[in-house]
Amino acid sequence: MRSARIALCALLVTGAVGISPAAASSTSSAPSETRRAFALSSAAFADGGVIPKVHECTSGGGSDPGKRNESPPLTWSGAPTAAKSYAIVMRDLDNASLIHWVIYDIAANTTSLPQNVAHAYRPSAPAGARQVYYRGSASLYGYQGPCSPSTVNTYEFVVHALDQASLTNLNSNSSTRTAAREIAAATIGSAKITGES
């Protein structure tokens, strides 16, 4: 009888030692939900994929009807909750990071841009947004698509979450570099994708 009680006590002690407080607490409460990372995507091309011709520039001297200089559709999610507006900057990484597109003052409740944002300082969509004048192979407000007919270049699209609702220091005469500096100074988070063309 005594030996049976000793065996039972030993079994209970072994079981108690085998369960750590951490293990016990992990079974009693579900892990807290983690916030999704800030991410940018396009329905037109996968990250690192080929940018369709419809988004290429029309000012390179060619006559390809597939090239229409239309900005690609962009969608973002998981942005910082403190974001008061958004801006997008597109660069040609293989051409001294030449800036091809700057659009800013995108409202905080906006999570996407349609394809072919109008070439205007204040496009109709997204409402309230402004675009910088592109001076280069073309002269226009807004998007200037990939223009590298003899090489394949990498183009980067970055969405910036900003701590300001409007970048009041910028106007219709601001340069792409000035705009990029103002955006960088107001950025509280960013996400990017790249495409080849």
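**From labels to values**

Tutor: The structure holds one disulfide. This is a predicted model, in which local features need pLDDT of at least 70 and side-chain atom pairs count only at pLDDT 80 or more, while totals for chains, interfaces and linings use all residues. Residues are numbered from 1 along each chain as its sequence is written, and side-chain values use heavy atoms, with hydrogens and water left out.

Student: Why is the pair of Cys57 and Cys147 called a disulfide?
Tutor: A disulfide is a pair of cysteine sulfur atoms within 2.5 Å, and the S to S value for Cys57 and Cys147 is 1.8 Å, so the pair meets the definition. The strands named here are DSSP runs (E, at least two residues), as helices are runs of H or I of at least four residues, both numbered from the N terminus.

Student: What makes Cys57 buried or exposed, and what about Cys147?
Tutor: Buried means under 20% relative accessible area, exposed over 50%, and partly exposed in between (1.4 Å probe, protein chains only). Cys57, at 6% relative accessibility, therefore counts as buried, whereas Cys147, with a relative accessible area of 25%, is partly exposed.

Student: Why is the aromatic pair of Phe45 and Phe157 called tilted?
Tutor: Rings of Phe, Tyr and Trp (its six-membered ring) pair if their centres lie within 6.5 Å, and planes under 30 degrees apart count as stacked, over 60 as edge-to-face and the rest as tilted. Phe45 and Phe157 are 5.8 Å apart centre to centre with 45° between the planes, so they form a pair and that pair is tilted. Phe45 lies in the loop between β1 (39-41) and β2 and Phe157 in strand β10, so the pair ties together parts that are 112 residues apart in sequence. Phe45 counts as buried at 6% relative accessibility, and Phe157 counts as buried at 0%.

Student: What makes the pair of Tyr133 and Tyr141 edge-to-face?
Tutor: The ring centres of Tyr133 and Tyr141 are 4.8 Å apart and their planes stand at 75°, so the pair is edge-to-face. Tyr133 is partly exposed, because its relative accessible area is 23%. Ring pairs also link Tyr121, Tyr133 and Tyr141 into a cluster.

Student: How do you know that β4 and β10 pair?
Tutor: Two strands pair if DSSP finds at least two bridges between them, and β4 (residues 85-92) and β10 (residues 154-162) share eight bridges in the antiparallel sense, so they pair. Nine bridges join β10 to β11, which run antiparallel, and Thr154 stands opposite Glu196 in β11.

Student: What makes β10 mostly covered?
Tutor: Nine of the nine residues of β10 are buried. Thr154, Glu156, Val158, His160 and Leu162 point one way from β10, and Tyr155, Phe157, Val159 and Ala161 point the other way.
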